[in-house]
Amino acid sequence: MMHEYEINSKRVLNIWGRKFDIEIIFDCFEGEEISESQKNAFDDFIANFEKYTEEGKVRLEKKILAEYSSFMEEKQIKNIFKYVIPKMIYIPRSPINEKVVAVVCSFKFDEENDIAIKYIDGKVMDICEDYTIF
């Protein structure tokens, strides 16, 4: 499926059962075009959106419980939105043509840096507390 590509746009997406007006950001320098690998990464992510975001949610919940449970009243996450709010889909440039995408969320335990679910070629590779590192 082909999409219209803009370096910075918004789209309503249903993430984890809730609709959000999400920023779509392709990482490009001024005057630079969106690369084919970025377009492919975005197309693949949207085509497999529910599967990818559900897998990301599972990893995100595990990380939150493993690292922040001492700050939480509950010992299992019943409502992920108490801790994170999706706000951006970030598509960085990949020098080796991997399909790299991140779902960036506001994060209750680190409001300055956010938290991101990083996907490479459709697999959750990391949960990063600073998405700008990739």
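Which residues are linked with K63 in a network of salt bridges? The network joins K63, E67 and E129, where a salt bridge is a side-chain nitrogen of Lys or Arg within 4 Å of a carboxyl oxygen of Asp or Glu.

The structure is a predicted model, in which local features need pLDDT of at least 70 and side-chain atom pairs count only at pLDDT 80 or more, while totals for chains, interfaces and linings use all residues. Residues are numbered from 1 along each chain as its sequence is written, and side-chain values use heavy atoms, with hydrogens and water left out.

## Overall fold

The protein chain contains two helices and six strands. Read from the N terminus, the order of elements is β-β-α-α-β-β-β-β. The radius of gyration is 15 Å, close to the 14 Å that the globule rule gives for 134 residues, so the protein chain is as compact as a globular protein of that length. That radius is taken over C-alpha atoms, and the globule rule is 2.2 Å times the number of residues to the power 0.38. Along the principal axes, the C-alpha atoms of the protein chain fill a box of roughly 45 × 25 × 25 Å.

Of the 134 residues, 50% count as buried. Buried means under 20% relative accessible area, exposed means over 50%, and partly exposed lies in between (1.4 Å probe, protein chains only). The accessible surface of the protein chain comes to about 7,800 Å², and carbon and sulfur atoms hold 46% of that surface. Accessible areas come from the Shrake-Rupley method with a 1.4 Å probe; for residues, only the protein chains shown count as cover. Among contacts in the protein chain with a separation of 6 or more, 47% are between residues 24 or more positions apart. A contact means heavy atoms within 4.5 Å.

## Charges and salt bridges

The protein chain carries 19 positive and 27 negative side chains, and the centres of the two sets lie 7 Å apart. Lys and Arg count as positive and Asp and Glu as negative, with His and the chain ends not counted. Each charge is placed at NZ of Lys, CZ of Arg, CG of Asp or CD of Glu.

The structure holds eight salt bridges.

| Acidic residue | Basic residue | N to O distance |
| E36 | K39 | 3.6 Å |
| E74 | K82 | 3.9 Å |
| D114 | K87 | 2.9 Å |

K39 and E36 are three residues apart in helix 1 (residues 36–47), a separation of about one helical turn. E36 is exposed at 53% relative accessibility, and K39 is partly exposed at 21%. In the pair of E74 and K82, E74 is buried at 14%, whereas K82 is partly exposed at 45%.

D114 and K87 form a salt bridge. D114 lies in the loop between strand 4 (100–107) and strand 5 (115–120) and K87 in strand 3 (residues 84–91), so the pair ties together parts that are 27 residues apart in sequence. D114 is buried, with a relative accessibility of 9%, while K87 is partly exposed at 31%.

K63, a member of the network with E67 and E129, is found in helix 2 (residues 49–68). K63 is buried at 17% relative accessibility. Setting aside neighbours within four places in sequence, K63 is in contact with Y68, I115, I127 and E129. The C-alpha atoms of K63 and D126 are 9.9 Å apart, although the two residues are separated by 63 residues along the chain.

D130 lies in the segment after strand 6 (123–128) and is partly exposed at 31%. D130 and D110 are 20 residues apart in sequence, with a C-alpha to C-alpha distance of 9.8 Å.

## Backbone angles

Most residues other than glycine have a negative phi. W16 has a positive phi, near 55 degrees, and is not a glycine. W16 lies in the loop between strand 1 (8–15) and strand 2 (18–26) and is buried, at 10% relative accessible area. D114 also has a positive phi, of about 65 degrees, although it is not a glycine. D114 sits in the loop between strand 4 and strand 5.

Technical notes:
Helix = DSSP H or I, 4+ residues; strand = E, 2+ residues; numbered from the N terminus.
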